[in-house]
Amino acid sequence: MTSEILDKLKWRYACKKFDASKKLSEEKLTVLKQAFNLTATSYGLQPLKMLVISNQTLKEELVPLTMNQRQVADCSQVLVLCTETQISSSYIKKYFDSVESLRKTPREVLQPFESFLTDEFSQKDSSQINTWMAKQAYLALGNLLTVCALEDIDACPIEGFEPQKYDRFLNLTDKGLQSVLVLAVGYRAADDVFSSMAKVRRGTDKVILEM
Ligand SMILES: Cc1cc2nc3c(=O)[nH]c(=O)nc-3n(C[C@H](O)[C@H](O)[C@H](O)COP(=O)(O)O)c2cc1C
């Protein structure tokens, strides 16, 4: 099993050219949606949402907002990883409401942690909260990249896009969201030369320190 996972991780690469005729099945999309939702986040607060764009016209219109990277048009779906525009005390309260109802934990047991978090977030400015939320989006990206590899789905993680233009074009602000990362998913084109290139990595002898 271990070497199977490594084989899958060697198979995956940042896809530069998708086969526009190949689409993900509903089953595969469901796996990605569930994996996104199952991503671990700091405090469990999950300050994330994922926009799934299948509409071809929309995908084409994203190309100029994505440094002209064609992957967003030729992939099967564009996944836009978004964070909340703010974390209010009522957002934190809703999380603890869920813990209380799903785990049947008495509120008085949860209360000290709830007060701590409410206090903690009230002391952070919006830039600190945005940085914290963006880190959670990157965790979701890493999780999705691995799940894509395990499911034989090709993907290209994309930081090369204009978040403010995405937010305007996709009306994200009205939804209380801001875009942080893009992940194009689908299937590689047979002639994507990048698929057969050697992996460039520093090597475990360089990046692993043992004590
Ligand atoms: C956060 C992040 C952002 C990236 N943004 C882009 C991008 O905008 N366009 C692109 O073609 N590749 C992008 N990449 C792909 C990386 O260049 C690629 O993962 C890296 O060179 C390692 O190669 P491999 O993933 O093919 O093994 C991004 C990767 C990550 C993790």
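Predicted model: local features only at pLDDT ≥ 70, side-chain atom pairs only at ≥ 80, totals over all residues.

Colleague: Which other residue has a positive phi of about 50 degrees although it is not a glycine?

Modeller: That is Met-67, with a positive phi of about 50 degrees, and it lies in the loop between α3 (56-62) and α4 (71-74). Met-67 is exposed, with 12 other C-beta atoms within 10 Å. A positive phi, near 55 degrees, also belongs to Lys-104, the residue that follows α5.

Colleague: Okay, stepping back, how many helices and strands does the protein have?

Modeller: There are nine helices and four strands, and along the sequence they follow the pattern α-α-β-α-α-β-α-α-α-β-α-β-α. The C-alpha atoms fill a box of roughly 60 × 50 × 35 Å, taken along the principal axes, and of the 211 residues of the protein, 25% count as buried.

Colleague: In what order do the strands sit in the sheet?

Modeller: The four strands form an open sheet in the order β1-β2-β4-β3, with antiparallel pairing. β1 (48-53) and β3 (154-158) stand at the edges and have a single partner strand each, so one side of each is left without a neighbour in the sheet. Neighbouring strands of this sheet are turned against each other by 25 degrees on average, with direction ignored.

Colleague: And how many bridges join β1 to β2?

Modeller: Six bridges join β1 to β2, and Leu-48 has Thr-83 in β2 as its bridge partner. Moving across the sheet, eight bridges join β2 to β4, while five join β3 to β4, the strand of residues 177-186.

Colleague: Which residue of β4 is the bridge partner of Val-80?

Modeller: The partner of Val-80 is Val-182, and Val-182 is also the bridge partner of Ile-158. Elsewhere in β4, Val-185 stands opposite Ala-155.

Colleague: Is β3 mostly covered or mostly open?

Modeller: β3 is mostly covered, as five of its five residues are buried. Both faces of the strand are covered, with Asp-154, Cys-156 and Ile-158 buried on one side and Ala-155 and Pro-157 buried on the other. Strand β2 (residues 77-84) is likewise mostly covered, with eight of its eight residues buried.

Colleague: Then which residues touch the most other members of the largest nonpolar core?

Modeller: Those are Leu-81, Leu-183, Ala-184 and Val-185, in a core of 35 residues. At least two residues of this core come from each of α2 (26-38), β2, α7 (126-150), β3 and β4, and β4 gives the most, with seven residues.

Colleague: Changing topic, which residues are around the ligand?

Modeller: They are Tyr-13, Ala-14, Lys-16, Gln-69, Cys-156, Pro-157, Ile-158, Glu-159, Gly-160 and Lys-199. By type, this shell divides into five nonpolar, two polar and three charged residues.

Colleague: Where is Ala-14 found?

Modeller: Ala-14 is found in the loop between α1 (2-11) and α2, and it counts as partly exposed because it has 13 C-beta neighbours inside 10 Å. Ala-14 and Ala-134 are 120 residues apart in sequence and 21 Å apart in space, C-alpha to C-alpha.

Colleague: One last thing, why does Asn-171 count as exposed?

Modeller: Asn-171 counts as exposed because it has 9 C-beta neighbours inside 10 Å, and a residue is called exposed at 12 or fewer. Asn-171 lies in the loop between α8 (163-169) and β4, and its C-alpha atom is separated by 25 Å from that of Leu-24, 147 residues apart along the chain.

Terms used
Residues numbered from 1 in each chain as written. Near = placed C-beta within 6 Å. Nonpolar A, V, L, I, M, F, W, Y, C, P; charged D, E, K, R; others polar. Pairing = 2+ DSSP bridges. Axes fitted to C-alpha atoms, helices over the stretch in contact; angles between N-to-C directions. Buried ≥ 20, exposed ≤ 12 C-beta atoms within 10 Å, placed from the backbone. Core = buried A, V, L, I, M, F, W, Y, C linked by C-beta atoms within 7 Å.
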